[in-house]
Amino acid sequence: SLRPSSDPRVGVAFQPPQNIHLDLGSSYFKVWGSNRGAASGQWFYDTYHARGQPFSRFIAVEVETLNDTTAYQQIPDDLVGVYTLMNVGLTMEEGDKLNTVDMIKRVVKPEDFFVFKLDIDSAPIEEPIVKSLLEDNPDEGGASALIDELMFEHHVNYSPMNEAWHNPQGVGGLHRSYNVFRDLRRKGIRAHSWP
């Protein structure tokens, strides 16, 4: 359904819902160096296009410095003007304009279809984001109410992955991860382990 928004120049305008993807830990769209597995944008693009849900907004956030020309050469033509590369790290600091949860609440409206990928490869950054989603009140404007699908690589202490995950000691093991995903789903977020 169309959502009304007030515009002082024209009065009430009606906007259609958007399909929005926020990719925290995006890297490049298709390939990073020779590693196609490190670039998730193409997977999200292909998967949601195949479902008939192309993104009207695609926000890629990567703290590692990316070359703008390379980044934009890798995106499909229909994402030009839709794709936004934020080559900075987001935070969870209250009042910071780069606060992850506050940005979600600014960009996403309840009627939008919102897909959130969280894979920063750093448990100390990811954990506060997930904690905030688990603790907020969706009935009082919490960001958890806005998320339709969450793809989350939960970096826990799991010996086969510790080297790749930079030894995330102190964040719990697989049992804790199962509980986090269970709690996210109980909250109404379709949470999936990524990748």
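1. In this predicted model, the side chains of Asp23 and Ser40 are joined by a polar contact of 2.9 Å. Asp23 belongs to strand S3, and with a relative accessibility of 1%, which is under the 20% limit, Asp23 counts as buried. Leaving aside residues up to four places away in sequence, Asp23 touches Ser40, Gly41, Ile59, Ala60, Val61 and Lys117.

2. Ala60, one of the residues that Asp23 touches, has Leu85 in S5 as its bridge partner. Strand S4 (residues 57-61) and S5 run parallel and are joined by four bridges.

3. These strands are part of an open sheet of six strands with parallel pairing, and the order is S5-S4-S3-S6-S7-S8. Strand S5 (83-86) and strand S8 (190-193) each have a single partner strand and stand at the edges, so one side of each is left without a neighbour in the sheet. On average, and with direction ignored, neighbouring strands of this sheet are turned by 15° against each other.

4. Helix H4 (residues 123-135) lies across strand S3 (19-24), strand S6 (113-118) and strand S7 (149-152), and runs at about 145° to S6. Helix H5 (residues 174-186), for its part, lies across S7 and S8, running at about 160° to S8.

5. Turning to the aromatic residues, a search of the whole structure finds 14 aromatic pairs. For Phe29 and Tyr83, the ring centres are 6.2 Å apart and the planes stand at 80°, which is over the 60 degrees required, so the pair is edge-to-face. Because Phe29 lies in the loop between S3 and helix H1 (41-50), while Tyr83 lies in strand S5, the pair ties together parts that are 54 residues apart in sequence. Both Phe29 and Tyr83 are buried.

6. Tyr48 and Phe113 form a further pair, with ring centres 6.1 Å apart and planes at 50°, so this one is tilted. Here too distant parts of the chain are linked, since Tyr48 is in helix H1 and Phe113 in strand S6, 65 residues apart. Tyr48 and Phe113 are both buried. The ring of Tyr48 also has the charged end of Arg51 sitting over it, 4.7 Å from the ring centre.

7. Both pairs fall within one aromatic cluster, which is formed by Phe29, Trp43, Phe44, Tyr45, Tyr48, Phe55, Phe58, Tyr72, Tyr83, Phe113 and Trp194.

Technical notes:
Residues are numbered from 1 along each chain as its sequence is written. This is a predicted model: local features need pLDDT of at least 70, side-chain atom pairs count only at pLDDT 80 or more; totals for chains, interfaces and linings use all residues. Side-chain values use heavy atoms; hydrogens and water are left out. Two strands pair if DSSP finds at least two bridges between them. Helices (H or I, at least four residues) and strands (E, at least two) are DSSP runs, numbered from the N terminus. Axes are lines fitted to C-alpha atoms, for helices over the stretch in contact, and angles run from 0 to 180 degrees between N-to-C directions. Contact means heavy atoms within 4.5 Å. Buried means under 20% relative accessible area, exposed over 50%, partly exposed in between (1.4 Å probe, protein chains only). A polar contact is a pair of N or O atoms within 3.5 Å; within protein, one must be able to donate a hydrogen and the other to accept it, and residues adjacent in sequence count only if both atoms are side-chain atoms. Rings of Phe, Tyr and Trp (its six-membered ring) pair if their centres lie within 6.5 Å; planes under 30 degrees apart count as stacked, over 60 as edge-to-face and the rest as tilted. A charge sits over a ring if NZ of Lys or CZ of Arg is within 6 Å of the ring centre and within 35 degrees of the ring normal.
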